Amino acid sequence: MEKPAASTEPQGPRPVLGRESVQVPDDQDFRSFRSECEAEVGWNLTYSKAGVSVWVQAVEMDRTLHKIKCRMECRDVPAETLYDVLHDIEYRKKWDSNVIETFDIARLTVNADVGYYSWRCPKPLKNRDVITLRSWLPMGADYIIMNYSVKHPKYPPRKDLVRAVSIQTGYLIQSTGPKSCVITYLAQVDPKGSLPKWVVNKSSQFLAPKAMKKMYKACLKYPEWKQKHLPHFKPWLHPEQSPLPSLALSELSVQHADSLENIDESAVAESREERMGLGGEGSDDDTSLT
């Protein structure tokens with residue numbers, strides 16, 4: 001795949017990195033996100049195996065703000081199928097074993113909404129959750145989905161979860177044929193808490209490719225599943241189908257990491273069990289997809 005030269009545009013969606021108010025990403029934001037997904041300069045390859053590659057980029061010296069980029073080749077999966085899988089939260093509950101709870105909150109525009117997602121973290125770390133403004137853009141045979149964290153007055157941080165902050169997270173799906181595509185996952189997330197270095201390293205090298213492979217398996221099973229579960233209901237393609245209430249942007253504010261309580265997890269030890277849980281190849285249990 002031909003890689004363009006590094007972009008001179010501001011990296012990442014401007015609503016987070018350059019604005020204080022919540023705004024729906026525009027065409028320049030999508031172009032900037034795509035450029036960063038395709039860029040090579042400044043990224044260190046940390047994993048490459050079986051069609052999955054992972055790169056890490058340190059941002060200044062703060063490891064909580066590290067960026068990760070994971071790319072996977074998807075054979076026998078059309079780009080439009082992968083796009084549907086990433087949007088379909090009902091199917092997400094079936095294949096994503098890390099999800100605790102996920103739901104859409106409100107609609108902002110025809111291609112933007114606000115949603116909630118909470119997920120399990122490896123013990124003894126605390127589980128996380130996030131509120132994000134998500135936007136998407138089909139571009140011919142390619143697609144972009146990206147999000148950043150916002151505050152919603154009805155969903156404040158919970159006592160039993162650590163509220164993480166998505167500074168910039170998203171997917172670039174590029175069609176490589178009628179039944180194949182390449183997906184690039186780009187994330188800059190502040191997980192809050194004082195995560196020890198071994199968690200960050202293992203997350204980069206093992207969890208991301210493992211999650212991508214699981215998503216790939218889910219894509220292979222999606223067409224059959226969707227035929228049995230409201231096959232024509234795809235509000236991400238047909239906005240008129242959306243049952244979500246409308247929400248004004250003025251109801252939201254940007255979620256800054258420094259405004260959240262910092263949970264100290266720096267004393268987490270790397271036991272043998274934790275090494276196996278994070279770094280082990282283990283078999284993926286996808287029986288819930290049937």
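Reply: Let's start with a pocket lining. By class, the lining of the second largest pocket holds 12 nonpolar, four polar and seven charged residues. Here Ala, Val, Leu, Ile, Met, Phe, Trp, Tyr, Cys and Pro count as nonpolar, Asp, Glu, Lys and Arg as charged, and the others, Gly among them, as polar. Keep in mind that this is a predicted model, where local features need pLDDT of at least 70, side-chain atom pairs count only at pLDDT 80 or more, and totals for chains, interfaces and linings use all residues. Residues are numbered from 1 along each chain as its sequence is written, and side-chain values use heavy atoms, with hydrogens and water left out.

Me: How is a pocket found, and what is the volume of the second largest pocket?

Reply: The general idea: rolling a probe the size of a water molecule over the atoms shows where empty space is left. On a 1 Å grid over the protein atoms alone, a pocket is an open set of points where a 1.4 Å probe fits, with protein on both sides within 12 Å along at least five of seven lines, and lining residues have an atom within 4 Å of a point. Grid points are joined across faces, edges and corners, and the volume is the space filled by probe spheres set on the points. In this case that comes to about 420 Å³. Of the 23 lining residues, Asp104, Phe233, Pro235, Trp236 and Pro243 are the closest to the pocket's centre.

Me: Which element gives the largest share of that lining?

Reply: Strand S4 does, with three residues. Helix H4 (89-95), S4 (99-109), strand S5 (112-119), S6 and helix H5 (197-227) each supply at least two. Helices (H or I, at least four residues) and strands (E, at least two) are DSSP runs, numbered from the N terminus.

Me: Is Asp113 buried or exposed?

Reply: Buried means under 20% relative accessible area, exposed over 50%, and partly exposed in between (1.4 Å probe, protein chains only). Asp113 is buried at 5%, Arg134 is buried too at 14%, and Asp104 is partly exposed at 28%.

Me: Now strands. Which strands does S7 pair with?

Reply: Two strands pair if DSSP finds at least two bridges between them. S7 (residues 142-151) runs antiparallel to S6 (residues 128-139), with eight bridges. Leu137 has Ile144 as its bridge partner in S7. The two strands form a hairpin with two residues between them, and Gly140 in the turn has a positive phi of about 70°. Five bridges join S7 to S9 (residues 165-177), again antiparallel, and Tyr143 stands opposite Ile173 there.

Me: Why is S7 largely enclosed?

Reply: Nine of its 10 residues are buried, so S7 is largely enclosed by the rest of the structure.
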